[in-house]
Amino acid sequence: MLEILLYYILQIEQAASGSQYEAISGDCNGDGTSRDNGECQLDDKISCLIGLQTRSKFYKVEGGLMALLRNCLESETENSKSILSGYVDHFHSLESVDAGWGCGWRNIQMISSHLLVQRPEAREALFGGAGFVPDIPSLQRWLEIAWEKGFDAPGSAQFDHVIYGSKKWIGTTECAALLRSFALRARVVDFGPKEAQSVPGSSVDSTMNKASSDKMVKSKAKKSEACQVLMDFVWNYFSDKSSIQFGQQHVVISEKTPLYFQHDGHSRTIVGIHVKHQGNGIVEYNLLVLDPAHSTAALERSLRQKVGWQKLIKRGMHTLKKPQYQLCYVDPGIASEEEMEKLKTIDSVFLEC
């Protein structure tokens, strides 16, 4: 109840800020005149938004949610190994606020929380150097600016170039467009049957070749094989093509960003992967997932008590029942101006499964 009350207070504040944004956008010269036939220049809009954007409220877990997850995984050491992203805050959808439509924005917030803490170059670039994760209305403004800069023109057209104040679902391409507009190297990977390939693919790099060819588990079932392509990719992604060395450890931290994980009807954030070698020689994989639909307080409680957390976070191959999946991740570094032009087109690597 308190969260919902706080949300409506923030909505009132945001409405006031939104009015200011619109007013400044129409009068950026400060003298009652406007530029470009009544439209504010893009740089002025960005300056306005940097000043007016609002820090997102979220349930802060003392010690960090990922540290609690690591402790739980370390208690499952028998014949198992896990790789985790570093710092990630969990942002959950609020009942009667953004439940049912806000999962995409919440996943962007989770990935942003990682980038702001783990990557100094990203912290400086994201959200005008604000140093915090903005709320959904502010992120919607940033996406509109990304579109105005020319990122993902087809996607922008699908939304009629307007997303602020909308409850429309967003997906992987919107995540990529938003992050790329800050010169971050966001990449998209599609998984599905060959006939489902709709986005022109870029050349497959060594990680993706390894993911599609090195089958760690052979299965006669077509669906299991399809899921294994996804599992292999995630394992090779977090293990950085097997460069990570476990030694005597059962849980290691990867430098890789979390993965935006999209499928029909919902999206979540993959923060790691767990593998268990069973006695019969079978290797069992589980994605480690933070779901915006879950309460952060409930996640914290289950992790601290080490009771029921597996059902909330682990996702095995038997749960991957959708015909198509999409991932988004962020490569290190800041793109050059020349690279930025290429990044405006949201292409995709396609892996058949």
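**Note on helix packing and selected residues in the predicted model**

1. Helix 6 and helix 8 are roughly perpendicular to each other, because they pack at an angle of about 75°, and an angle of 65 to 115 degrees counts as roughly perpendicular. The axes of helix 6 and helix 8 lie 9 Å apart. On the side of helix 6 the contact is made by Leu139, Trp142, Leu143, Ala146 and Trp147, while helix 8 contributes Glu174, Ala177 and Leu178. Sorted by class, this contact of helix 6 with helix 8 has seven nonpolar residues, no polar residues and one charged residue. Please keep in mind while reading that this is a predicted model.

2. Helix 8, which spans residues 172-180, has eight of its nine residues buried, so it is largely enclosed by the rest of the structure.

3. Is Val188 buried or exposed? With a relative accessibility of 4%, Val188 counts as buried, since the cut-off for that class is under 20%. Val188 and Thr172 are 16 residues apart in sequence, and their C-alpha atoms are 7.3 Å apart in space.

4. The residues that make the contact are Leu42, Lys45, Ile46, Leu49 and Ile50 of helix 2, and Ser138, Arg141, Trp142, Ile145, Glu148 and Lys149 of helix 6. By class, the contact of helix 2 with helix 6 has six nonpolar, one polar and four charged residues. Trp142 is named both in this contact and in the contact of helix 6 with helix 8.

5. Two residues deserve a look at the backbone. Asp160, although it is not a glycine, has a positive phi of about 60°; Asp160 is found in the loop between helix 7 (153-158) and helix 8, and it is exposed, with a relative accessible area of 58%. Lys306, likewise a residue other than glycine, has a positive phi near 55°. Lys306 sits in the loop between helix 11 (296-305) and helix 12 (309-313), where it is partly exposed, with a relative accessible area of 44%.

6. For the chain as a whole, there are 13 helices and nine strands, and buried residues make up 52% of the 353 residues. Among contacts with a separation of 6 or more, 74% are accounted for by residues 24 or more positions apart. The protein chain exposes about 16500 Å², of which carbon and sulfur atoms supply 50%.

Definitions and conventions. Residues numbered from 1 in each chain as written. Predicted model: local features only at pLDDT ≥ 70, side-chain atom pairs only at ≥ 80, totals over all residues. Heavy atoms only, no water. Contact = heavy atoms within 4.5 Å. Helix = DSSP H or I, 4+ residues; strand = E, 2+ residues; numbered from the N terminus. Nonpolar A, V, L, I, M, F, W, Y, C, P; charged D, E, K, R; others polar. Buried < 20%, exposed > 50% of the residue type's maximum accessible area, 1.4 Å probe, protein only. Areas by Shrake-Rupley, 256 points an atom, 1.4 Å probe, with all protein chains shown as cover. Axes fitted to C-alpha atoms, helices over the stretch in contact; angles between N-to-C directions. Parallel < 35°, antiparallel > 145°, perpendicular 65-115°, else oblique.
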